[in-house]
Amino acid sequence: MPLTITPTPRGLEGVVAAQTRLSHVDGIAGELIIGGYELKELAGRVSFEEAAHLLWRGALPGTDELRELRREITPLRALPEDTMRVVRAAAKAPPIDALRMACATLSLDLPDPDDIAPSADIEAAKMLTARFPTLVAAHARISEGKELIAPRADLSHAANFLYMVHGKEPNPIAARALDTYWVTVIDHGMNASTFAGRVIASTRSDMVSAVTGSIGALKGPLHGGAPGPVLDMLVDIGSADRAEAWVRNELKAGRRIMGFGHRVYKVRDPRADVLSKVADEMSAVHLEDRKLFDMARAAEQTILKVLDEVKPGRNLRTNVEFYTALVLQALGLKPRSFVAVFACGRVAGWCAHVIEQHTEDHLIRPQSEYIGQRGLGLER
Ligand code: COA
């Protein structure tokens, strides 16, 4: 029987590409479910390590399980020398590229990198999740010519990252803000980087290869690379009364407004709600952050109004990246590192998807619709 090929929508829009127990994005209700819980149940109420356990093991950990997970992950934070060589060689590269290059070396440190049994995958997930913050912090210090700071075992995942970047223990509000940010972005349905990772894993390739591919997909400005440009935009706008002219000008020039619009959400991204509260809390600490936050909130309303008017019916609403920019900026992180800091949270979700895909063990191999010519002959 001849195989019929149905043309798919551009960019696989609306196509269900996998079944998952990990997370669900309801773009009409504006809901994000992570491992059975709505994001608003989890954010600010469970730690990043607990959320990672939920995705990897299918349930939130009890007290003993959490203690055990922390005891296993903490010693894995330090980086092997081979990886450090790559971080140094990539000192001038953007942090997300340095992370991608360094991540690829981490398979050198696994007993059998090609072992894709669930137990081996979980070990690789712990190692990658433990080391991403150390990689990003080490690259930040090296690229600024500063001395490296070794990870500390007595600090939480988030507090330790801020300590390694800034060289001093963060205040508890900052550590909690980063922890909530990482929980908020830990997983998000079949987003492009997760899909890329699942495609790689579906070939029975290994965890480190899949996660390295996911980093490459996350980097682009249509996915994780938006918060850096969001901050540039806010700086460029300068004051709320200039937002309208600014956004009209951008749209007239055919440019997209970063931090707005989403493939799935047709209403406000629920992660934007969580992170606007976090940014609000953070901005209570420094006056400059408060000014930026107030300006951003006013500019957001103006941008939404103009988008509705200039792009009617497209339902372009605030997405996760708008308030991510404000949270990460208030944490004293550099815009160039924002997407790499995003990866430090999302890595736990990528690993969970790789585990799920390896368990399913079915090759993802779609077809393409050929729109080229046929029947050409060589005139020789
Ligand atoms: N600013 C202005 N116009 C936008 C827009 C934005 N942020 N996002 C989408 N649009 C417009 C497109 O120009 C297009 O207009 P048209 O119908 O006149 O051609 C229409 O909305 C549909 O765009 P399309 O590219 O088909 O939507 P998509 O589902 O592929 O886009 C994103 C999803 C996220 C890629 C898109 O909204 C975007 O580029 N946002 C900015 C980047 C960003 O914030 N990324 C982080 C995502 S979490």
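This is a predicted model: local features need pLDDT of at least 70, side-chain atom pairs count only at pLDDT 80 or more; totals for chains, interfaces and linings use all residues.
User: How many bridges hold β1 to β2?

Analyst: There are 4 bridges between β1 and β2 (residues 31-34), in the antiparallel sense. Asp26 has Glu31 of β2 as its bridge partner. His24 is bridged to Ile33 of β2.

User: And the turn there, how many residues sit between the two strands?

Analyst: The β1-β2 hairpin has 4 residues between its strands. Gly30 lies in that turn and has a positive phi of about 70°.

User: Which face of β1 is covered?

Analyst: The covered face carries Ser23 and Val25. His24 and Asp26 are on the uncovered one.

User: Switching to helices. At what angle do α7 and α8 pack?

Analyst: About 115°, with the axes 8 Å apart. Helix α7 spans residues 157-166 and helix α8 spans residues 172-184. The crossing of α7 past α8 is right-handed.

User: Which residues make that contact?

Analyst: From α7, they are His157, Ala158, Ala159, Phe161 and Leu162. From α8, they are Ala174, Ala175, Leu178, Asp179 and Trp182. By type, the contact has 8 nonpolar residues, 1 polar and 1 charged.

User: What about Pro172, buried or exposed?

Analyst: Pro172 belongs to helix α8. Pro172 is exposed because its relative accessibility is 61%, and the cut-off for exposed is over 50%.

User: How far is Pro172 from Gly213?

Analyst: They are 34 Å apart in space, C-alpha to C-alpha, and 41 residues apart in sequence.

User: Now α12. Which residues are buried?

Analyst: In α12 (residues 243-252), the buried ones are Ala243, Trp246, Val247, Glu250 and Leu251. They lie on the same side of α12 because they cover an arc of only 125° around the axis.

User: Why would that spacing work in a helix?

Analyst: An α-helix has 3.6 residues a turn, so residues three or four places apart point the same way.

User: Which residues are exposed on the other side of α12?

Analyst: Ala245 and Lys252.

User: And what do the buried ones pack against?

Analyst: The buried residues of α12 pack against α11 (227-237) and α14 (287-310).

User: What comes just after α12?

Analyst: Gly254 is there, with a positive phi of about 80°.

User: Which residues have a positive phi without being a glycine?

Analyst: Asn315 has one of about 50° and is not a glycine. Asp361 also has a positive phi of about 50° and is not a glycine.

User: Where are they?

Analyst: Asn315 is in the loop between α14 and α15 (320-330). Asp361 is in the segment after α16. Asn315 is partly exposed, at 29% relative accessible area. Asp361 is partly exposed too, at 38%.

User: Next, α5. How many of its residues are buried?

Analyst: Helix α5 (residues 95-105) has 8 of its 11 residues buried, so call this helix mostly covered. The buried residues are Pro95, Ile96, Asp97, Ala98, Leu99, Ala102, Cys103 and Thr105.

User: What covers them?

Analyst: The cover includes α4 (81-89), α6 (118-143), α10 (207-218) and α16 (338-360).

User: Last one, Trp56. Where is that residue, and is the side buried or exposed?

Analyst: Trp56 is in helix α2 (residues 48-57). Trp56 counts as buried, at 8% relative accessibility.

User: What is Trp56 in contact with?

Analyst: Setting aside neighbours within four places in sequence, the contacts of Trp56 include Leu69, Ile73, Ile122, Ala125, Lys126 and Thr129. Ala348, Cys351, Ala352 and Ile355 are also in contact with Trp56.

Definitions and conventions
Residues are numbered from 1 along each chain as its sequence is written. Side-chain values use heavy atoms; hydrogens and water are left out. Axes are lines fitted to C-alpha atoms, for helices over the stretch in contact, and angles run from 0 to 180 degrees between N-to-C directions. A crossing is left-handed if the near helix is turned anticlockwise from the far one by less than a right angle, and right-handed if clockwise. Contact means heavy atoms within 4.5 Å. Ala, Val, Leu, Ile, Met, Phe, Trp, Tyr, Cys and Pro count as nonpolar, Asp, Glu, Lys and Arg as charged, and the others, Gly among them, as polar. Buried means under 20% relative accessible area, exposed over 50%, partly exposed in between (1.4 Å probe, protein chains only). The arc is that of the directions from the helix axis to the C-beta atoms. Two strands pair if DSSP finds at least two bridges between them.
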